[in-house]
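Here is a friendly briefing to read with the model open beside you.

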Amino acid sequence: MRLSQRHLLVGEVPDPLVFFRGALPRFEALTGQPTVWAFTLQGVLFVVTHNGKNHVWHDWQLSWLSQLLTEHRHRTTVLLSHRTLDELGERAEALRKLLGEFPQVVLYCDAHIHSPHPFWLFGNALQVGAEGNSRDDGKLTYEGDWYVVVEIAKDVLRIFRRRMVTGELILLHERKTETTINETETGKMHMAFLMSDRSVRFNPALWLRGAKLRVWGIAQEQLLPLPDESGMAWQKGDGVSLQVVASDGEWQRLGIDKVFQATINAADKEATIAEIVTPVRFETDPTKVGIAGTLSHGTQVIPLFLAKAPKDVRLRLEVEALRSDGTMESRHWVEGASDGSVLALQAATGHIYLGTQSVYSQASPDRARWWRWEGVDGKTEVDYRDSEPRQATQLRLCLKAIGISKGAIVQFVGFVFPETGGFFTPVPQGRFTTQRTIVQVGGRRFELGDLETGAFREVEIGELAGGELFTLSCDGSKLALVELIGETDALMGHLLRRVKSVRDDKIEWGEVIELADGFRHYGWDSEIGGTSLWWLMRGDFNFVPLR
């Protein structure tokens with residue numbers, strides 16, 4: 001919340017106000033690259049995907065990847081992912097099934113688990129981890145100053161350990177396989193940005209030739225009634241009056257037109273503002289809710305309250321998980337001190353099965369009944385031995401104010417998203433897909449209408465200058481995947497600039513683009529102070545100073 005208030009274009013990935021505001025997520029700001037992207041380098045297609053601890057393979061990522069692999073079926077492909085391919089859970093299983101349909105995928109590089117794993121083969125894809133298949137003299141990479149090197153040749157893949165001090169290359173694995181590597185085919189790019197309504201992004205390619213715009217539909221689901229719906233499900237606290245009011249400019253910048261407004265009628269150290277109960281369902285099949293999560297939700301429910309209170313008042317969101325008989329299964333809370341602006345209180349309630357985390361490992365008797373519960377007694381996650389999956393069928397949500405005085409006013413809106421590591425938007429109660437989609441790019445406006453989840457529409461845009469801004473406007477889920485496709489010689493990062501012309505590798509630079517302000521707050525002006533440029537054809541980097 002603090003980051004996205006101070007720097008309207010940048011925030012942490014889990015920061016809900018970033019996507020509510022249509023701002024630039026931190027992982028894009030730090031790299032200058034889109035959410036998922038792919039490039040052709042010497043005849044090989046490399047695919048880079050954003051995922052992490054609570055960001056697994058989303059439905060929209062799988063749809064995008066399926067289309068990408070279909071269009072590049074003739075080209076050797078390498079996938080680069082944080083999450084591993086051998087995880088237990090429906091989403092990882094869906095990814096493995098998808099890759100089984102595309103034998104051109106010969107390599108899958110991952111990290112995440114901070115330990116070695118064997119060089120497993122899934123279909124035709126060799127899984128290679130960042131820690132290789134063994135420690136080096138008992139040490140991991142960051143302990144022993146070594147790393148993994150992958151060599152792709154015309155007829156073989158080789159995996160090495162490189163020791164940084166001695167420069168040794170030690171062969172760990174070799175696999176004979178034909179590849180499409182060649183020295184001439186370079187430059188085709190797919191750059192897909194996950195954007196929310198009112199978002200602005202930029203073209204990070206130096207100059208995009210034969211460019212196409214492709215926009216994908218994305219679904220969003222939300223369980224609570226908003227102030228512009230029937231608010232009767234909300235119960236106000238004792239000594240509190242509750243009404244719906246039109247929002248001010250700060251709320252409207254988040255896409256919220258109406259809010260609940262509570263007036264404290266009795267002074268107290270602690271006041272219950274309002275509470276509500278919503279049905280939930282947690283999947284209890286261990287094979288479906290492994291560490292990679294489910295396709296149909298059932299792993300995690302994320303309550304999110306946005307609230308504005310007088311300065312220094314502490315706001316607390318309490319979450320109780322209730323079984324069908326009304327007994328409490330767990331209790332969790334998050335809180336924060338108000339600075340007078342909109343405060344985000346985000347919790348999580350859910351579970352994953354830890355009895356085994358890989359499809360290749362069998363749970364030993366002492367691990368067979370391990371479950372990780374999220375949202376327990378103020379803790380993010382707790383691992384339980386000899387436990388059961390969650391049985392809760394309801395969540396009771398309560399917003400409280402601590403250190404508040406009589407006559408004070410608290411405004412708030414509550415959301416509940418049944419999604420694992422989602423990207424949240426201000427949608428009303430229900431499930432929605434992308435509607436009334438408009439993208440403006442290069443001074444042109446494209447109306448793309450309604451898009452079902454996993455479906456896309458495409459338009460030709462010709463050439464597109466580097467640093468060119470494009471914007472999204474949409475309703476419904478208020479989310480879309482906006483993809484630029486085309487040929488380019490180089491990719492920009494960091495403080496991006498507009499490009500006036502490119503001739504024979506000579507670049508006429510324009511001004512630094514407006515979104516560059518989102519890159520500067522980590523001291524990039526002083527520490528980087530310019531634009532990095534990756535030349536695909538030459539395979540090298542150069543740097544253009546800011547001044």
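A residue is called buried under 20% relative accessible area, exposed over 50%, and partly exposed in between, using a 1.4 Å probe and protein chains only. By that scale, aspartate 475 counts as partly exposed because its relative accessibility is 28%. The model is predicted, so local features need pLDDT of at least 70 and side-chain atom pairs count only at pLDDT 80 or more, while totals for chains, interfaces and linings use all residues. Residues are numbered from 1 along each chain as its sequence is written, and side-chain values use heavy atoms, with hydrogens and water left out.

**Domains and their interface**

- The domain assignment gives domain 1 (1-32 + 187-219 + 433-547), domain 2 (34-186) and domain 3 (221-431); such bounds come from an automatic or database assignment.
- The centres of domain 1 and domain 2, taken over C-alpha atoms, are separated by 25 Å.
- Contact (heavy atoms within 4.5 Å) involves 24 residues of domain 1 and 19 residues of domain 2.
- Domain 1 and domain 2 bury about 2000 Å² between them, with 66% of it on carbon and sulfur atoms; buried area is the accessible area (1.4 Å probe) that two parts lose on being put together, summed over both.
- The rule finds 1 salt bridge across the interface of domain 1 and domain 2, where a salt bridge is a side-chain nitrogen of Lys or Arg within 4 Å of a carboxyl oxygen of Asp or Glu.
- On the domain 1 side that touches domain 2, the elements giving two or more residues are α3 (26-31), β10 (188-196), β12 (207-217) and β32 (479-487). Of the contributions to that side, β10 gives the most, with 7 residues.
- Helices (H or I, at least four residues) and strands (E, at least two) are DSSP runs, numbered from the N terminus.

**Salt bridges**

- By this rule the count comes to 35 salt bridges.
- Arginine 209 pairs with aspartate 489, their closest N and O atoms being 3.2 Å apart. Arginine 209 is in strand β12 and aspartate 489 in the loop between β32 and β33 (490-494), so the pair ties together parts 280 residues apart in sequence.
- Arginine 214 meets glutamate 71 in a salt bridge (2.8 Å, N to O), and arginine 214 also meets glutamate 458 in one (2.6 Å, N to O).
- Arginine 214 counts as buried at 3% relative accessibility, whereas glutamate 458 is partly exposed at 34%.
- Aspartate 475 and arginine 436 form a salt bridge (2.9 Å, N to O).
- A network of salt bridges links Glu270, Arg314, Arg316, Glu318, Arg331, Glu335 and Lys400.

- Two strands pair if DSSP finds at least two bridges between them; strand β17 (residues 268-279) and strand β25 (residues 394-404) run antiparallel and are joined by 10 bridges.
- Glutamate 270 stands opposite isoleucine 402 in β25.

**A buried threonine**

- Threonine 77 is in strand β3 (residues 77-80) and is buried, with a relative accessible area of 0%.
- Not counting residues up to four places away in sequence, threonine 77 touches Leu45, Val47, Leu69, His72, Gln104, Val105, Val106 and Leu107.
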